[in-house]
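Reader: I would like to learn how to read a model of this kind, one feature at a time. Could you take me through it, giving the general idea before each case?

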Amino acid sequence: MDALRFIGKRLLLMIPILIGISILTFAISNTIPGDPARLILGPKATPEGLEALREDMGLNDPLYVQYGNYMAGIFQGDLGKSTYSQRPVVEDLLRYSPATFELTMFAMFITLVVGIPFGVISASRKDRIADQFTRVFALIGVAMPAFWLGLLLLLFFYLKLGVLPGSGRLDGGMSPPEYITGMYTIDALLTGNWPVLYAAVMHMILPGITLAAVTVGMITRMTRSSMLTVLQSDYIRTAFAKGAPENRVLYGHALRNGIMPVITLLGMAFGHALGGSVLVEAVFSWPGLGQYAVNAINYLDFPAVMGVTLLIAVMFIIVNLIVDTLYFFIDPRLKHN
Amino acid sequence: MEFKTRWPKFFLFLIIAVLVLAGCQNYNEETEGEGAASPEGTPAESNENFDAEVFNFATNQDIPGLDPHGSAANTTFRVIYMTYDRLVTYDGTSTEPQPQLAESWEVSDDGKEYTFKLVENAKFHDGSPVTAEAVQYSFTRAINVGKSAAGIFSKVIDENSFEVIDDYTIKITLKEPFAPFVSTLGTAFGNIINPALEENHGDDLGESFLSEEVMGSGPYMLDSWDRGETLVLKANPDYWGEAPTMETVNIRFITEASTARLMLEKGEIDMIDNTVISPEVLGQMEGTEGVEILEADGYQIDYMPMNTEKGALADVRVRQAIAHSINYDALLESVYLGKAERIVGAVPKGMFGFNSDAKLYDYDLDKAKELLKEAGHESGLELEIAISEDNEVRSNTALLLQSDLEKVGVTLNIKTYAWPTFLDLVTTGKHDFGLVSWTPDYPDPDYNLWYFAHSSSKGPGFNLAFYENSEIDALLEEGRTSTDEALRENNYMEIQNLMAEEVPYIFVAQPKLQAPLRSWVKGYELNPMNSWYVPFHKITKEE
């Protein structure tokens, strides 16, 4: 019951947060000097044409009227029409966001299955070779620019070895699976389209690793430091003393207590991965939100910029909400507080 | 519990297993291998990515939409040139309009009436014939949509300019004589659209419909379009003209130039958009096995407008001093790696009206200092150059200018802006200097000179020097409405002389066009004016 009330409260809190974000984004993107009408029409446009288009787009209204109109649309599920693609922003978001979401989820998966075990190993072998190795590895992951790492991986796995594809979500000439979620791996799995599934997974490996490099580093370091504290507790010593197998002590007893700060960080890491996807998407020509946002900014496509920002904000809030809710299940003490 | 403790190891094992399995064979080896056998049964090619029927083109600029009358993006032009036909076209390296849908045309003596005879076998993709009515419909829509295409046509024609004489003959009467009219019909704005579009007009003349669909008669049809990823064109089996050579054309968006380069080296891409890769990287690519850099003369000019309405640059002596203080040879050599020529004026070398005798300013620091002293700037001067980001040539040029001007006591601050901000800055006259590239849409000096030098074009009309000279205005107006070629040529020569004297612009370079492609690509000719016109229907691949 407490958990439900907690979730309800957090969902209500989303509303002022989103309104705040929308005002900020709207204000910032409208202070960028530049004329969207001119960008659409190009240098050959006539002054009359420009004026007509400005009027048509509502650019001549005062800013607060433009914002009011925009917000009125949002409550009817209308995010406006992209001035760049001439399509409703909602449709564009539905088309581009699954690619980003899929890639981010994959990166988070890598982060979990690599980052946590690495952190645990590192903590339990403190100052020994395995620890040194994982610490350097984590540091490199955090410090290396995603952009550069992506290119290195491409050079090695794509150009030299030729074992992994270099760009896009599918092989050239392959048609995407039937649209269900927009995430190719899941859609291919649901429709039993094995060749597409294989291609989609292969295409995700390099961008996934690139995107995960930073978050793996973050999680490894956090797991390590959190585990180091836990490993010094009395009950761990007791567990070892009574002869429990090492893995059971580490993953069963210690990790369960040491994972709380890691979970908090996971929410942040997810946000980081969403933001980082802009660069990674560029290197791997991944047609996701990042690419869409860059195009939108270059064309001063305000409705699209707003749409992307709000969507990312909502995703970020929801993921953090899920993470916070997880506490209730992992830490029974919270249920009684 | 058993599983719980083992899952990290299990997943690690799984990942390693997948990688090892993948490593056992080159990615895509089998599938591509089958595709590689050409229909003639020649043995499998040495590069597993070779496919004689499929052309893979890479660009880093997304396509906003496909409406020929609504888009100003070069990436859109590339697609609509292949999916629509025009009354006239520019073929190969020629900049003379050649017949396409119009097999012949006549111009009245006063230069106002154009009568076009259309070919009778041309068909739209839906099978309906391309008639005079379609021509009228297309130009009327272009004007009514009021976007990019209208910018060119609404000056000279309106809804009442058309007279359909019979199904295949149409007379267009101009509001006033406009010498380059036929040339404008070969641009991407002159594409002829199927009047059946009317059924999908909606409330925006079919703009949102046509931004996703093709309703043309061209050699290619739109097969599929995964926004931001690939646009696929398939050959039109019933094309009325010569059958297209490439069966499939994939236009792929590879945002990152280095990735595109890797894919070209691997043979997964056949050609890269010629604007993607900087001259420096092109230099590094030379000599890569299987890759060629195709070079051709182009009409692109890179130039530096000097704001003649602002501060010190309003003084012609200061502008002349700047022109004297640039080390042009060093610039062409180090920024363009020698793949560019210095030019005199706004008309590119090779085009009608080019004035080879207009005054060139030599690199003369003493002269420059003297001029600055005369203008009262002995103690130095501080100016700003605005450039847009993401262009190596421009940022290198700006750096070089900075060090050149330093020598004559001018401090040049380089300000880099995002494209929208840059465009706003230079069209509203807040800049001192700017750096811009420009390619004319049709091969007539009227095009560049009107934009650059006519007083009505100041600012938003792209006269970025805010230059005004009534003599030039008069010469331009006379040249545009005259049909006397000799007089026109004379006028344009004269304008270039006047501009050379008053230096509102410094024309830094006319670069060569360079397209990186696989050496198996044959029959591609770069059009000097229209480098985004890639004739996929004439290109072949032979290994």
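Reader: Does F462(B) count as buried or exposed, and how many C-beta neighbours does F462(B) have inside 10 Å?

Author: Before the case, some ground rules: this is a predicted model, in which local features need pLDDT of at least 70 and side-chain atom pairs count only at pLDDT 80 or more, while totals for chains, interfaces and linings use all residues. Residues are numbered from 1 along each chain as its sequence is written, and chains are lettered from A and ligands numbered from 1 in the order in which they are written. A residue is called buried if 20 or more other C-beta atoms lie within 10 Å of its own, exposed if 12 or fewer, and partly exposed in between, with C-beta atoms placed from the backbone. F462(B) has 20 such neighbours inside 10 Å and therefore counts as buried. F462(B) also has a positive phi of about 80° although it is not a glycine, and F462(B) is found in the loop between helix 15 (445–453) and helix 16 (470–481) of chain B, where helices (H or I, at least four residues) and strands (E, at least two) are DSSP runs numbered from the N terminus.

Reader: Where does F466(B) lie, and what is its phi?

Author: F466(B) lies in the loop between helix 15 and helix 16 of chain B, with a positive phi of about 50° although it is not a glycine. Because F466(B) has 22 C-beta neighbours inside 10 Å, it counts as buried.

Reader: How should I read strand pairing, and which strands are joined to strand 10 of chain B by bridges?

Author: Two strands pair if DSSP finds at least two bridges between them. Strand 1 of chain B runs parallel to strand 10 of chain B and is joined to it by six bridges, with V54(B) opposite T248(B). Strand 9 (residues 230–235) of chain B runs antiparallel to strand 10 of chain B, with five bridges, and here K234(B) stands opposite T248(B). Five of the six residues of strand 10 of chain B are buried, so this strand is largely enclosed by the rest of the structure.

Reader: What is the strand order in the open sheet of four strands in chain B, and why is one side of strand 4 and of strand 6 left without a neighbour in the sheet?

Author: The order is 4-5-7-6, with antiparallel pairing. Strand 4 (102–107) and strand 6 (162–166) of chain B stand at the edges, and because each has a single partner strand, one side of each is left without a neighbour in the sheet. Four bridges join strand 6 of chain B to strand 7 (residues 169–173) of chain B, and E163(B) has K171(B) as its bridge partner in strand 7 of chain B.

Reader: How many residues does each chain give to the contact between chain B and chain A?

Author: Two residues are in contact if their C-beta atoms, placed from the backbone, lie within 7 Å. Chain B gives 52 residues and chain A gives 55 residues. Among the elements of chain B that each supply at least two residues to the side touching chain A are helix 1 (2–23), strand 1 (54–59) and strand 10 (248–253).

Reader: Finally, what share of the 543 residues in chain B is buried?

Author: Buried residues make up 50% of the 543 residues in chain B, and chain B has 17 helices and 22 strands.
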